[in-house]
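Please look over the sequence and the fold below before reading on.

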Amino acid sequence: MNFANTWYVIERNNHFETISHEALSLLEEGSYVMLQNFQTHHEAHAEHTRLVKLAIAETKAKLG
C-alpha cells in the first residue's frame with residue numbers, strides 16, 4: 001500500500017474526520033480511533049459522509 005496516498009476516516013473528539021496518512025502520523029497516539037483506510041480521498045470522504053448521515057438518522061430516531 002502506498003501510504004503517501006492513503007486516506008483515513010477517524011473519530012476524534014466525538015467527530016468523524018477524513019485525514020491523510022501524513023496528517024494522521026502527526027496526531028498523538030490514543031487521541032483518535034481509526035475506523036477505516038482508503039486508497040483515495042474521494043472514497044474516504046464518501047464513507048465520512050455516510051457515517052455522518054447515519055449518525056443524524058440515529059439521533060432523529062431517538063428524538064422521534
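## Briefing on the chain

Leaving out its neighbours within four places in sequence, Leu24 is in contact with Tyr8, Ile10, Ile19 and Tyr32, where contact means heavy atoms within 4.5 Å. This is a predicted model, in which local features need pLDDT of at least 70 and side-chain atom pairs count only at pLDDT 80 or more, while totals for chains, interfaces and linings use all residues. Residues are numbered from 1 along each chain as its sequence is written, and side-chain values use heavy atoms, with hydrogens and water left out.

**The chain as a whole**

- The chain has two helices and three strands, and along the sequence they follow the pattern β-β-α-β-α; here helices (H or I, at least four residues) and strands (E, at least two) are DSSP runs, numbered from the N terminus.
- Taken along the principal axes, the C-alpha atoms of the chain fill a box of roughly 45 × 25 × 10 Å.
- Of the 64 residues in the chain, 22% are buried, a word that stands for under 20% relative accessible area, with exposed meaning over 50% and partly exposed lying in between (1.4 Å probe, protein chains only).
- The chain exposes about 4900 Å², and carbon and sulfur atoms supply 54% of that area; accessible areas come from the Shrake-Rupley method with a 1.4 Å probe, and for residues only the protein chains shown count as cover.
- Among contacts between residues at least 6 apart in sequence, 49% join residues that are at least 24 apart.
- The mean positions of the 5 positive and 8 negative charges are 13 Å apart, with Lys and Arg counted as positive, Asp and Glu as negative, and His and the chain ends not counted; the place of a charge is taken as NZ of Lys, CZ of Arg, CG of Asp or CD of Glu.

**How the strands pair**

- Strands β1 and β2 pair in the antiparallel sense over six bridges, and two strands are said to pair if DSSP finds at least two bridges between them.
- Strands β1 and β3 also run antiparallel, and five bridges join them.
- Val9 lies in strand β1, where it stands opposite Thr18 in β2 and has Gln36 as its bridge partner in β3.
- Trp7 has Ser20 as its bridge partner in β2, and Ser20 counts as buried because its relative accessibility is 19%.
- Not counting residues up to four places away in sequence, Ser20 touches Thr6, Trp7 and Tyr8.

**The turn between β1 and β2**

- The two strands β1 and β2 form a hairpin with two residues between them.
- Asn13 is found in the loop between β1 (7–12) and β2 (15–20), and it has a positive phi of about 55° although it is not a glycine.
- Asn14 lies in the loop between β1 and β2 as well, with a positive phi of about 65° although it is not a glycine.
- As background, most residues other than glycine have a negative phi.
- Asn13 counts as exposed because its relative accessibility is 62%, and Asn14 is exposed because its relative accessible area is 69%.

**Buried positions and the helices**

- Val9 counts as buried because its relative accessibility is 1%, and its contacts beyond four places in sequence include Val33, Leu35, Phe38, Ala44, Glu47, His48 and Leu51.
- Val9 and His45 are 36 residues apart in sequence, yet their C-alpha atoms are 7.8 Å apart in space.
- Helix α2 (residues 41–63) has 23 residues and reaches 33 Å from its first C-alpha to its last, close to the 33 Å expected at 1.5 Å a residue; the expected span is 1.5 Å times one less than the number of residues in the helix.
- The buried residues of α2 are Ala44, Glu47, His48 and Leu51, and these buried residues pack against β1, β2 and β3 (33–38).
- An α-helix has 3.6 residues a turn, so residues three or four places apart point the same way.
- Leu24 lies in helix α1 (residues 21–24) and counts as buried because its relative accessibility is 9%.
- Leu24 and Trp7 are 17 residues apart in sequence and 8.8 Å apart in space, C-alpha to C-alpha.
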